[in-house]
Amino acid sequence: MVLTTPREGTPSPIETPEELERATKRLLAGTGPLAVDAERASGYRYSHRAYLIQLRRAGAGTFLIDPVAFDTLADLGRALRPVEWVLHAASQDLACLTEAGMRPGKVFDTELGARLAGFERVGLAALTERLLGYTLEKHHSAADWSTRPLPTAWLTYAALDVELLIELRYALAAELERQGKLAWAEEEFAWLLAAPPPKPRTDPWRRTSGIHRARGPRELSRVRALWHARDQLARRRDVAPGRVLPDSAIMAAAQADPKTVAELTALPGFGRMSRRHAQIWLRALEEARALPDSELPAPTVPSNGPPPPHRWAERDPHAASRLARCRAVVNQIATEHGLPPENLLAPETVRRLAWSPPKPLRLATVEEALARLHARSWQITLTAKPLTKALADA
């Protein structure tokens, strides 16, 4: 059955303190878990803030909150913190919810739960269809949610995202309980909230698409200068960097090194640019041109981790053998328990363990190494002993 409208109709966005206070009281008077979702403007805005927050609780109904209308939603977040929050793909929304002042004390992630249950399709629509018999329409998932006013059709779509989350949570919990995995899921959900925030990426400009075509440090310096100039402009305008200047244009300019507006605008991606913006790119290129050799970027960034796996056989054949054996062990255990290998043990954890096994090599030291690499207790219980044997055999 296709679900096209919320049970109580599509609510209007909450935009005033009075409306928010009434919604908070109704939500607190509700029962059971709280369904939560957030909509961002990825691909349109520089920031990753939430532009709409959807909440639903039994006995209270659905509420759509416009976070742009408020300095903070901290009071709402504190009031609802004791309640279990149900999210789909929680890792995608927790950061923007936290930025808005909302942070759960306990969470149930329906996407992660579905992965642990071994479901191949873990999208919200696929899960509601499989477990609840309802199909959700997903027409506006890539919309610019910073648009104001938000069209009614978008609001309906947003409300439907939380319409069945609570029912889905209970269905998944029952399935995980049947498979003996509910305790694993609860440990994973707790880790979602306890995990430290990701460290800022070193030299993010190196992720420019096509950078592998750059020839030498001087050309890399032009990529770097253009990337930072674009980032500053995108941040100032709150526009997604790719909408300010595509990566392909950065690479074209880095390779051609234009010195005039005419030369620049003749390149792909620059033709319709205003003269004001053209001067920004030309100035960045000029600054890169003036750099002494000692300030040019290195071809690669030194890493404190293991090298790429495809280079292991050349650099350390014994490590390559250990990695192959460890991967085989993880794949076998994951198959036996019906879950993806990457959810049993993160690939980076397997690589680090195989590259630098603990010494002396025994079960206790492998368990300690896995714990240092942030493996959860259920993962360590399943993998430590066979990984110890794999490392010893290799």
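Helices here are DSSP runs of H or I with at least four residues, strands are E runs of at least two, and both are numbered from the N terminus. Before going on, note that this is a predicted model, where local features need pLDDT of at least 70, side-chain atom pairs count only at pLDDT 80 or more, and totals for chains, interfaces and linings use all residues. Residues are numbered from 1 along each chain as its sequence is written, and side-chain values use heavy atoms, with hydrogens and water left out.

**Stop 1: around histidine 374**

Stay on histidine 374, which sits in the loop between helix 18 and helix 19. Its positive phi comes in a residue other than glycine. For context, most residues other than glycine have a negative phi, and most peptide bonds are trans. Histidine 374 counts as partly exposed because its relative accessibility is 42%; buried means under 20% relative accessible area, exposed means over 50%, and partly exposed is in between (1.4 Å probe, protein chains only).

Now step back into helix 18 (363–372). Which of its residues are buried? Pick Thr365, Val366, Ala369 and Leu370. They cover an arc of only 140° around the axis, so they sit on the same side of helix 18; the arc is that of the directions from the helix axis to the C-beta atoms. An α-helix has 3.6 residues a turn, so residues three or four places apart point the same way. Contact here means heavy atoms within 4.5 Å.

**Stop 2**

Go to helix 17 (residues 347–355) and select its buried residues: Thr349, Val350, Leu353 and Ala354. Looking down the axis, you'll find them within an arc of 125°, so they line one face of the helix. What do they pack against? Display helix 14, helix 15 (317–337), helix 18 and helix 19 (377–393).

Between helix 17 and helix 18, stop at proline 360 in the loop. For another one, jump to arginine 148 and proline 149, which are joined by a cis peptide bond with omega about -5°. Proline 149 lies in the loop between strand 7 (135–136) and helix 6 (152–163).

**Stop 3**

Select valine 301, in the loop between helix 13 (275–289) and helix 14 (312–315). Valine 301 is partly exposed, at 33% relative accessibility. Leaving out residues up to four places away in sequence, it touches Thr202, Asp203 and Arg206.

Follow that to arginine 206, in the loop between helix 8 (182–194) and helix 9 (216–237). Buried or exposed? Arginine 206 is buried, with a relative accessible area of 19%. Its side chain reaches the backbone oxygen of proline 299 at 3.2 Å. A polar contact is a pair of N or O atoms within 3.5 Å; within protein, one must be able to donate a hydrogen and the other to accept it, and residues adjacent in sequence count only if both atoms are side-chain atoms.

In the loop between helix 8 and helix 9 you'll also find aspartate 203. Its phi is near 50°, a positive value in a residue other than glycine, and aspartate 203 is partly exposed at 28%.

**Stop 4**

Switch to cartoon: five strands form an open sheet in the order 4-3-2-5-6, with mixed pairing. Two strands pair if DSSP finds at least two bridges between them. Strand 4 (61–65) and strand 6 (106–109) are the edges, each pairing on one side only.

Next, zoom in on strand 2 (residues 31–39), which runs antiparallel to strand 3 (residues 52–58) and is joined to it by seven bridges. Pick alanine 35: its bridge partner in strand 3 is arginine 56, and in strand 5 it is valine 86. Strand 2 and strand 5 pair in the parallel sense over two bridges. How many of the nine residues of strand 2 are buried? Seven are, so color by accessibility to see a mostly covered strand.

**Last stop: cysteines**

Finish with cysteine 96, buried at 2% relative accessibility, and cysteine 326, buried at 1%. Counting pairs of cysteine sulfur atoms within 2.5 Å as disulfides, the total is zero.
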